[in-house]
Amino acid sequence: LATTHHLASIENAELASADNPEEPSADLSSPGKVNAVYMLDADERQLSLATEILRTLACQLVPFMDTIRFLAEFDGERANCLVLNDRLPNMMGLEVVRQLQQRGVPPAFVVVSARPSTRGTVAYMRAGAVNVLEQPLDPQELIDSVSSAFELDQVQRTQAQYRSKLCSRIAELTPRELQILRMVLNGSKSK
């Protein structure tokens with residue numbers, strides 16, 4: 001019961017600080033912004049342990065024990081990393097990741113598993129996992145994995161911004177400029 005109260009107070013404090021205008025902006029793609037780690041684990045003790053370990057990082061922690069609530073409240077613009085257990089009551093962790101990918105908001109993610117299998121680990125890595133960690137958690141391994149996820153997230157956000165700018169510029173081309181661009185991309189000379 002004390003742990004449940006502790007997790008609830010952590011979650012409330014993290015969510016309240018996210019709404020506080022004096023806190024750093026939610027634009028996490030800029031240097032100096034606070035990274036946000038969403039955590040999903042139905043095991044209260046494991047979630048509490050991961051929360052305590054990750055408090056050493058300068059980041060916002062947003063813990064969830066319920067998969068449905070997590071999926072309803074997940075904010076892809078705010079999340080820089082997801083730490084999730086592979087075995088959840090309502091669905092497997094891989095299904096959670098696939099749902100986020102279908103929404104177009106896949107964060108860099110780290111998987112935690114009590115009994116990781118080779119097949120499961122391969123599936124997670126193919127889906128883009130930064131790492132698959134075995135419980136009991138090694139604190140330094142979790143910190144290193146989340147730090148790597150932050151770096152990957154920054155690269156992905158930078159690439160997404162670049163693609164968005166590129167698409168905007170292409171959309172502004174005249175029909176003739178677009179024709180010339182296609183010719184150049186196909187190997188023809190522009191003159």
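Which residue caps the N-terminal end of α2? Select aspartate 43: one of its side-chain oxygens sits 3.0 Å from the backbone nitrogen of arginine 45, and that makes aspartate 43 the cap. Keep in mind as you click around that this is a predicted model.

Now run along α2 itself, residues 44–54. Colour Gln46, Leu47, Ser48, Ala50, Thr51, Ile53 and Leu54, and you have picked out residues of this helix that are buried.

Next stop, the largest nonpolar core, with 22 residues. Start with Tyr38, Leu40, Phe70, Leu82, Leu84, Val96 and Phe109, the members that touch the most other members. Then show the elements that give two or more residues to this core: β1 (35–40), β2 (59–64), α3 (67–73), β3 (81–85), α4 (93–103), β4 (108–113) and β5 (129–134). Of these, α4 gives the most, with four residues.

Zoom in on leucine 82. Leaving aside residues up to four places away in sequence, leucine 82 touches Tyr38, Leu40, Phe70, Leu100, Pro107, Ala108, Phe109 and Val110.

Finish at serine 113, in strand β4. Is serine 113 buried or exposed? Serine 113 is buried, because its relative accessible area is 1%, which falls under the 20% cut-off. Then look at arginine 115, whose backbone nitrogen lies 3.3 Å from a polar atom of the serine 113 side chain.

Key. Residues are numbered from 1 along each chain as its sequence is written. This is a predicted model: local features need pLDDT of at least 70, side-chain atom pairs count only at pLDDT 80 or more; totals for chains, interfaces and linings use all residues. Side-chain values use heavy atoms; hydrogens and water are left out. A nonpolar core is a set of buried Ala, Val, Leu, Ile, Met, Phe, Trp, Tyr and Cys residues joined through side-chain atoms within 4.5 Å. Buried means under 20% relative accessible area, exposed over 50%, partly exposed in between (1.4 Å probe, protein chains only). Contact means heavy atoms within 4.5 Å. A polar contact is a pair of N or O atoms within 3.5 Å; within protein, one must be able to donate a hydrogen and the other to accept it, and residues adjacent in sequence count only if both atoms are side-chain atoms.
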